[in-house]
Protein chains: 2
Amino acid sequence: MYNGLMPPNAAPAGPAKLDLVGAARLFQALSDETRLAVLEMLRDGERCVCELQDALDAAQSRLSFHLRVLKEAGLVRDRKEGRWSHYSLVPDTLGVAHDMVRALATETSGRRGRKGLRVLGDCCD
Amino acid sequence: MYNGLMPPNAAPAGPAKLDLVGAARLFQALSDETRLAVLEMLRDGERCVCELQDALDAAQSRLSFHLRVLKEAGLVRDRKEGRWSHYSLVPDTLGVAHDMVRALATETSGRRGRKGLRVLGDCCD
DNA sequence: CAAATACATCAACGTTTCTTGATGAGGAGA
DNA sequence: TCTCCTCATCAAGAAACGTTGATGTATTTG
């Protein structure tokens with residue numbers, strides 16, 4: 001039911017209210033070049049850490065840090081096999097991010113309805 | 001020509017290479033709750049700072065800071081009129097962000113081709 | 001002109017994020 | 001078992017980020 005766009009206890013409907021906290025967290029995870037490079041590599045399929053390490057020329061602990069961030073954001077998952085960790089994309093989460101951006105890019109109804117927001121002041125008339 | 005997905009001097013084609021630096025910058029701008037709230041308000045149309053200030057209950061200088069970040073990311077523009085600044089969305093930039101997320105969510109060709117990346121080591125066979 | 005309004009900018013500070021190098025845990029092979 | 005390999009985690013420091021309160025600037029109003 002929860003789709004990353006509205007909190008579990010959201011108001012009835014309205015014009016697609018965004019889960020700001022969740023969105024901020026997700027975009028935060030996407031806001032680093034190294035992490036984006038990882039995601040881009042994973043587009044092509046599962047990769048073990050050592051492959052990412054070589055391809056991105058990143059120190060092991062640095063990469064591990066970023067993989068953890070991505071994992072905690074739900075953007076990737078890992079599968080352990082022997083002594084290797086294989087990381088892969090979680091397409092659903094990227095889908096949620098996609099919807100979030102679209103939601104922002106989509107205008108609401110028509111012009112705004114001025115629902116009694118401004119109380120004092122004489123701004124913008 | 002430059003669409004935010006490939007650097008100006010990008011390689012011929014390939015499977016939609018992402019501009020990592022630009023993408024990271026853009027997502028960074030989107031990674032704050034207050035800024036997302038601003039963008040969400042602007043979905044509804046142009047707003048002056050004082051309106052945003054009231055609606056978001058944010059200190060003036062705080063809001064000003066975030067508006068600047070959004071503006072530098074190209075997500076909003078401002079229009080001065082008398083002593084008011086009216087901010088509005090730049091839909092194109094949100095469109096670019098949208099494409100970036102889609103690019104990440106889209107698999108490349110088929111399985112990976114193993115183009116001689118790993119030289120030493122015995123990982124993942 | 002003086003006062004008030006709308007907003008930007010700045011410096012200082014606390015917080016978060018990122019990097020680095022060291023240590024540790026578990027698996028695989030000699 | 002001893003050693004090597006892959007990877008995670010930790011602590012310390014550096015850098016980036018966000019908040020606050022003060023000050024500055026332009027504009028309008030009295």
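Mentor: Two residues are in contact if their C-beta atoms, placed from the backbone, lie within 7 Å. Keep that in mind, and remember that this is a predicted model.

Trainee: Okay. How many residues of chain B are in contact with chain A?

Mentor: 43 residues of chain B, and they touch 43 residues of chain A.

Trainee: Which elements of chain B give two or more residues to that side?

Mentor: Helices α1 (20–29), α2 (33–42), α3 and α5 (91–105) of chain B. The largest share comes from α5(B), with nine residues.

Trainee: What classes of residue does that side of chain B have?

Mentor: It has 23 nonpolar, eight polar and 12 charged residues.

Trainee: What rotation superposes chain B on chain A?

Mentor: A rotation of 180°, with 0.0 Å of shift along its axis. The RMSD is 0.0 Å. That is the relation of a two-fold axis.

Trainee: Which C-alpha of chain B is nearest the axis?

Mentor: The one of B:F27, 2.6 Å from the axis. Also, the same surface serves both copies: 100% of the contact residues of chain B recur in chain A.

Trainee: New topic: the sheet. In what order do the strands of chain A run?

Mentor: The order is β1-β3-β2, in an open sheet of three strands with antiparallel pairing. β1 and β2 (76–81) of chain A each have a single partner strand, so one side of each lacks a neighbour in the sheet.

Trainee: And what packs on the sheet?

Mentor: Helix α2 (residues 33–42) of chain A does, touching β1, β2 and β3 of chain A. The direction of α2 makes about 85° with that of β3(A).

Trainee: Let's zoom in on A:C48. Where does it lie?

Mentor: In strand β1 (residues 47–48) of chain A. A:C48 stands opposite A:H86 in β3(A). Those two strands pair over two bridges.

Trainee: Why does A:C48 count as partly exposed?

Mentor: Because A:C48 has 19 C-beta neighbours inside 10 Å, and a residue is buried if it has 20 or more.

Key:
Residues are numbered from 1 along each chain as its sequence is written. Chains are lettered from A and ligands numbered from 1 in the order in which they are written. This is a predicted model: local features need pLDDT of at least 70, side-chain atom pairs count only at pLDDT 80 or more; totals for chains, interfaces and linings use all residues. Helices (H or I, at least four residues) and strands (E, at least two) are DSSP runs, numbered from the N terminus. A residue is buried if 20 or more other C-beta atoms lie within 10 Å of its own, exposed if 12 or fewer, and partly exposed in between; C-beta atoms are placed from the backbone. Copies are superposed by least squares on the C-alpha atoms of residues with pLDDT of at least 70 in both. Ala, Val, Leu, Ile, Met, Phe, Trp, Tyr, Cys and Pro count as nonpolar, Asp, Glu, Lys and Arg as charged, and the others, Gly among them, as polar. Two strands pair if DSSP finds at least two bridges between them. Axes are lines fitted to C-alpha atoms, for helices over the stretch in contact, and angles run from 0 to 180 degrees between N-to-C directions.
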